[in-house]
Amino acid sequence: MLTVALTGGIGCGKSTACQLFTARNVPVIDTDLIAHQLVKPGQPALEEIAAAFGKDILLDNAALDRKALAQKIFSAPDKRALLESILHPKIRYSVEQQLIALQNSAYVIIAVPLLIETNQQSTYDRVLVIDCDEQLQRTRTLSRDNRNSKEIEAIMKAQATRQQRLSYADDVIENSADMTSLEDRVEQYHEKYLRLANNKNHRV
């Protein structure tokens, strides 16, 4: 089975690309979704996070106050590393278990937004970067998310640079145009990955 790690900065279109692979019956493991499940009320990971960062990162209904947690970590690399030390081993374990269940698939997409930042690029057969320029990242995120410019800049600063992501890429989808262009590129890579999986030569 060919494993393809899909990554990209905020606002680059990772989720849309994943949806297009899913529409082609390709299994997609979304590490953001795994992380969301891990921090639901009552989950051990959320209890660890509350113990590490304080009860003020919980809402009245015991759910995670994501904005409060974000404010604590984006300006403090040591606190971000602490959060990652709690979540990332659990996320990796979940990915491994899902890959075992999907071992009969030709190829699998694993969406890992912080792939480069967590040094996981060598874990998978290929790295697919969804890319666009930084100003377009800001514009898309402002129109989509309930975040202000300062918060977006903090997130982008905490992520790998565009150049760093591209330096590790085996494949790149430049996503600065319309949906038709993105869908065409996804189709091209879908066909490529099927060929690579069939040939058992993952690095061509």
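**View 1. Ile29 and its bridge partner in β3, Ile110.** This close-up comes from a predicted model, in which local features need pLDDT of at least 70 and side-chain atom pairs count only at pLDDT 80 or more, while totals for chains, interfaces and linings use all residues. Residues are numbered from 1 along each chain as its sequence is written, and side-chain values use heavy atoms, with hydrogens and water left out. Helices (H or I, at least four residues) and strands (E, at least two) are DSSP runs, numbered from the N terminus. Strand β2, residues 28–30, runs parallel to β3, and three bridges join them. Two strands are said to pair if DSSP finds at least two bridges between them. β1 and β3 pair in the parallel sense over five bridges.

**View 2. Strand β3, residues 107–111, is mostly covered.** How many of the five residues of β3 are buried? Five of the five are. Here, buried means under 20% relative accessible area, exposed means over 50%, and partly exposed lies in between (1.4 Å probe, protein chains only). Look along the strand and you will find Tyr107, Ile109 and Ala111 pointing one way, with Val108 and Ile110 pointing the other way.

**View 3. Strand β4, residues 126–131, and its two partner strands.** β4 is mostly covered too, with six of its six residues buried. Arg126, Leu128 and Ile130 point one way from β4, and Val127, Val129 and Asp131 point the other way. β4 pairs with β1 in the parallel sense over four bridges. Across that pairing, Ala5 stands opposite Val127, and Leu6 stands opposite Leu128. Another four bridges join β4 to strand β5 (residues 171–174), and these strands run parallel. In β5, Asp171 is the bridge partner of Leu128.

**View 4. The whole sheet, with α1 and α9 lying across its strands.** Strands of a sheet pair through backbone hydrogen bonds, either parallel or antiparallel. This open sheet has five strands in the order β2-β3-β1-β4-β5, with parallel pairing. Which strands stand at the edges? They are β2 and β5, each with a single partner strand, so one side of each is left without a neighbour in the sheet. From one strand to the next, the twist averages 20 degrees. Helix α1 lies across β1, β2, β3 and β4 and runs at about 150 degrees to β1. Helix α9 (residues 179–199) lies across β1, β3, β4 and β5 and runs at about 165 degrees to β5. Axes are lines fitted to C-alpha atoms, for helices over the stretch in contact, and angles run from 0 to 180 degrees between N-to-C directions. Contact means heavy atoms within 4.5 Å.

**View 5. Helix α3 (residues 44–53) packs with helix α5 (residues 77–101).** Two packed helices are described by the angle between their axes and the distance between the axes. For α3 and α5, the angle is about 165 degrees and the axes are 10 Å apart. That makes the two helices roughly antiparallel. Angles under 35 degrees count as roughly parallel, over 145 as roughly antiparallel, 65 to 115 as roughly perpendicular and the rest as oblique. On the α3 side you can find Ala45, Glu48, Ile49, Ala52 and Phe53, which meet Lys79, Leu82, Leu83, Ile86, Leu87 and Lys90 in α5. This contact has eight nonpolar, no polar and three charged residues. Ala, Val, Leu, Ile, Met, Phe, Trp, Tyr, Cys and Pro count as nonpolar, Asp, Glu, Lys and Arg as charged, and the others, Gly among them, as polar.

**View 6. Helix α2 (residues 31–38) packs with α5.** The axes of α2 and α5 are 10 Å apart, at an angle of about 120 degrees. The two helices are therefore oblique to each other. Thr31, Ile34, Ala35 and Leu38 of α2 make the contact with Leu87, Lys90, Ile91, Ser94, Val95 and Gln98 of α5. By class, six of these residues are nonpolar, three polar and one charged.

**View 7. Asn25 and Asn119, each in a loop.** Most residues other than glycine have a negative phi, and most peptide bonds are trans. Asn25 has a positive phi of about 65 degrees although it is not a glycine. You will find Asn25 in the loop between α1 (14–22) and β2, exposed with a relative accessible area of 72%. Asn119 has a positive phi, near 55 degrees. Asn119 lies in the loop between β3 and β4 and is exposed, with a relative accessible area of 56%.
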